[in-house]
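Open the structure in your viewer and keep the selection tool at hand. This tour goes stop by stop, saying what to pick and what is there.

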Amino acid sequence: MKLSQRPDSSNQELARLRNKGWHSRLLLLLAVLLASGCGTVQVQLQSDFPVPLVEPLPVSVGVLVPDELLGFTHSEEIPGLGDYAIGLGQVPADLLQRLGTGVFRQHQLQQAVTADDAVDGYLLTNIEEVQLALPKQTRSDYYEVWIRFRFEFLDQTGASVSPWVLSSYGKANEGDYRGAEGALQAAALLACRDAMAFFSLNLASHPSAQQWLANMAPAQAAADTAEASKGNGQ
Amino acid sequence: MKTMASLYPMSFNPRLLLRIGATTLAAMLLSGCVSSTLQEVRERETGIVAGQSVLIIGKSSRPSAAETELEFINCVADDLARGAKGLTVIPVEQFRDLTFPWFEPRTAPDKASQLIALLAQPKLAAQLEAVGLRYLVWVDGRTNRTSSAGSIGCSVGPGGGGCFGFLTWDDDASYEATIWDTEDGQTAGRISSDAAGTSYMPAFVVPIPLIARVQSNACKSLSKQLLSFLANSDAAS
């Protein structure tokens, strides 16, 4: 029998069943949402970092930005709380550009070491690990992000001189943002700023960087480096 | 020619008087009671002139530890800048960008005595000079819910719905502002503002919140005292 040929009572029954089906679908959707925590939270970082206000080191540096750093995404499933993904996008390139402008007398962003580069050395940056913590996990009001950067100092030929592993931290109060996305984005950006701040103030005095700078700096430049180190010391 | 009633309409309009009275009563009823305490410790003379500015900044360094609410920092900054006697207050985010990386959570100075070393940085000193920063006010503290009790139940039926019950909670706001003078790199003084209050929410069909504005009260007290402290108006009067 076609639906249109049903008597009125049947049409009412069909409407009731349809309503029941709609309610069932809604309940199912709610159950799925509850079972999977809060679903997936995806954060794509966008940044506008300031240039560090420090005395630049008297060196020309090739700042290497590898593909894996630009496309870096951290994904994590937190049991009972859902899936979380933080994509850095162009943020590392922006961060290194501003960092290079403030910290080195001259710098250039490049993907790889080439033979005709007129630089004193290279700085290769990678992210070793990202961790995040949610307010429900820590029973606090804060979304927290830790990023472990690995800075590799390379000489003029691209050979590794020394590494510097730098852990950075950022947190954002959930009450200051409308949702998890906004708070996680703020916490991740603060972690990036934290790394920039610590790097720019401690580069000249860090043992790994001192070895690198000593190798590439001639006598006058070494004196300038020592001066910049003294000037930027905390 | 104007009549007396048109010249003084409020005095002769009982309906309007009733309305104003009812509004005032409702406003009084709709806010819980708040008691507040203010303490000031002055360590040196202060004063601020045209072209000088103030920064209100919250402490935030440790993982997971509670820090001062951004809302409170903004409230104090807005209150200080308001009015004819308002001060020039630099927005904290703008300041952090202008002085990056010296005032980030991990790199900001802990003690006023560290200011002298910071001011020896030529680029930073020039930037602080450009923004005219005279006083740096560190705000520490927060508002906490100390207790809560009661319950409210709501139900909806074919004939309508409603809520019945009673809720009450206590909030405690405790903040301290430490004022650093950038001219001599010394602490100029401290002001603490504490406020506590109980909020109620009786529900007879419709819930009626009687909110004690504890944080707002602490903010207003602190900013009023800060304004007086920085301008040194208490000493002048």
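**Stop 1: the largest pocket**

This is a predicted model. Start at the largest pocket, whose volume is about 900 Å³. Its lining counts 36 residues. Select Lys171(A), Tyr177(A), Leu190(A), Glu93(B) and Arg96(B), the lining residues closest to the pocket's centre.

Now colour the elements around the largest pocket. In chain A, pick strand S8 (160-173) and helix H5 (180-202). In chain B, pick helix H3 (70-81) and helix H4 (92-98). Each of these elements gives two or more residues to the lining. Which element gives the most? That is H5(A), with seven residues.

Next, colour the lining by class.

**Stop 2: a ring pair in chain A**

Over all chains, the whole structure holds twelve aromatic pairs. Select Trp164(A) and Phe199(A) for one that is stacked. Their centres are 5.3 Å apart, with 20 degrees between the planes. Trp164(A) sits in strand S8 and Phe199(A) in helix H5, so the pair ties together parts of chain A that are 35 residues apart in sequence. Are these two residues buried or exposed? Trp164(A) and Phe199(A) are both buried.

**Stop 3: a ring pair in chain B**

Move to Phe72(B) and Tyr175(B), another stacked aromatic pair. Here the distance is 3.5 Å centre to centre, and the planes are 5 degrees apart. Phe72(B) belongs to helix H3 and Tyr175(B) to strand S5 (residues 160-181), so this pair ties together parts of chain B that are 103 residues apart in sequence. Phe72(B) and Tyr175(B) are buried.

**Stop 4: chain B as a whole**

Zoom out and show chain B as a cartoon. Count eight helices and six strands. Trace them from the N terminus: α-α-β-β-α-β-α-α-α-β-β-β-α-α.

Take the contacts in chain B between residues at least 6 apart in sequence: 73% of them join residues at least 24 apart.

Finish with the surface view. Chain B has an accessible surface of about 13000 Å², and carbon and sulfur atoms account for 58% of that. Of the 237 residues in chain B, 39% are buried.

Note on methods:
Residues are numbered from 1 along each chain as its sequence is written. Chains are lettered from A and ligands numbered from 1 in the order in which they are written. This is a predicted model: local features need pLDDT of at least 70, side-chain atom pairs count only at pLDDT 80 or more; totals for chains, interfaces and linings use all residues. Side-chain values use heavy atoms; hydrogens and water are left out. On a 1 Å grid over the protein atoms alone, a cavity is a set of points where a 1.4 Å probe fits but cannot get out, and a pocket is an open set with protein on both sides within 12 Å along at least five of seven lines; lining residues have an atom within 4 Å of a point. Grid points are joined across faces, edges and corners, and a volume is the space filled by probe spheres set on the points. Helices (H or I, at least four residues) and strands (E, at least two) are DSSP runs, numbered from the N terminus. Buried means under 20% relative accessible area, exposed over 50%, partly exposed in between (1.4 Å probe, protein chains only). Contact means heavy atoms within 4.5 Å. Accessible areas come from the Shrake-Rupley method with a 1.4 Å probe; for residues, only the protein chains shown count as cover. Rings of Phe, Tyr and Trp (its six-membered ring) pair if their centres lie within 6.5 Å; planes under 30 degrees apart count as stacked, over 60 as edge-to-face and the rest as tilted.
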